[in-house]
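Here is a short briefing to read with the model open beside you. Take a look at the chain, then follow the points below.

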Amino acid sequence: MIQPTNMTNQRPNKSLLKILIEFGRPTPIKKTLVYFILLFTLSIGYAQETIFVNGQYTAASLLSVISDIEQQTNYQFYFLE
């Protein structure tokens, strides 16, 4: 007789610890792979564009600040009042 099994209760064949142990000693290929992954992730964060907006906004209304940002940049703001 075949009994149904519940797939949610089954554990994966390998644990994360076993996978890390099987990864083994660092070889030049593994070091290069880790280096390129790190370099790629850092380049994504560095590629963000920095935009500066000039002005004095200590007592300004939100609408005037948004208007200045739209004039000095390519950004457009849409909101309901």
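Along the sequence, the protein chain runs in the pattern α-α-α, with 3 helices and 0 strands. Please keep in mind that this is a predicted model. The notes below go from overall confidence to single residues.

**Confidence**
- The average pLDDT of the protein chain is 76, and 65% of the residues score at least 70.
- Among the elements of the chain, α3 has the highest mean pLDDT, at 91, while helix α1 (residues 16-23) has the lowest, at 67.
- A friendly caution: where pLDDT is low, the predicted coordinates should not be read in detail.

**Surface and burial**
- The protein chain has 81 residues, of which 4% count as buried.
- A nonpolar patch on the surface is formed by Ile51, Val53, Leu63, Tyr75, Phe77 and Phe79. Together these residues have about 530 Å² of accessible area.

- Ile51 sits in the loop that links α2 (28-46) and α3.
- Ile51 has a relative accessibility of 36%, so this residue counts as partly exposed.
- Leaving out residues up to four places away in sequence, Ile51 touches Thr73 and Tyr75; Tyr75 is also one of the patch residues.
- Ile51 and Gln72 are 21 residues apart along the chain, and their C-alpha atoms are separated by 9.4 Å.
- Phe77 belongs to the segment after α3 (62-72). With a relative accessible area of 35%, Phe77 is partly exposed.

- Val65 is part of helix α3.
- Why does Val65 count as buried? Its relative accessibility is 19%, and buried means under 20%.
- When residues up to four places away in sequence are not counted, Val65 touches Tyr57 and Ala60.
- From C-alpha to C-alpha, Val65 and Val53 are 9.8 Å apart in space, with a separation of 12 residues in sequence. Val53 is one of the residues of the surface patch.

**Aromatic rings**
- How many aromatic pairs does the structure hold? The structure holds 1.
- The ring centres of Tyr35 and Phe36 are 5.6 Å apart and the planes lie at 65°, so the pair is edge-to-face. The angle is what decides this, because planes over 60 degrees apart count as edge-to-face.

Technical notes:
Residues numbered from 1 in each chain as written. Predicted model: local features only at pLDDT ≥ 70, side-chain atom pairs only at ≥ 80, totals over all residues. Heavy atoms only, no water. Patch = residues over 30% accessible without salt bridge, like charges linked within 9 Å, V, L, I, M, F, W, Y side chains within 5 Å. Areas by Shrake-Rupley, 256 points an atom, 1.4 Å probe, with all protein chains shown as cover. Salt bridge = Lys/Arg side-chain N within 4 Å of Asp/Glu carboxyl O. Helix = DSSP H or I, 4+ residues; strand = E, 2+ residues; numbered from the N terminus. Buried < 20%, exposed > 50% of the residue type's maximum accessible area, 1.4 Å probe, protein only. Phe/Tyr/Trp six-rings, centres within 6.5 Å; stacked < 30°, edge-to-face > 60°. Contact = heavy atoms within 4.5 Å. pLDDT = per-residue confidence, 0-100.
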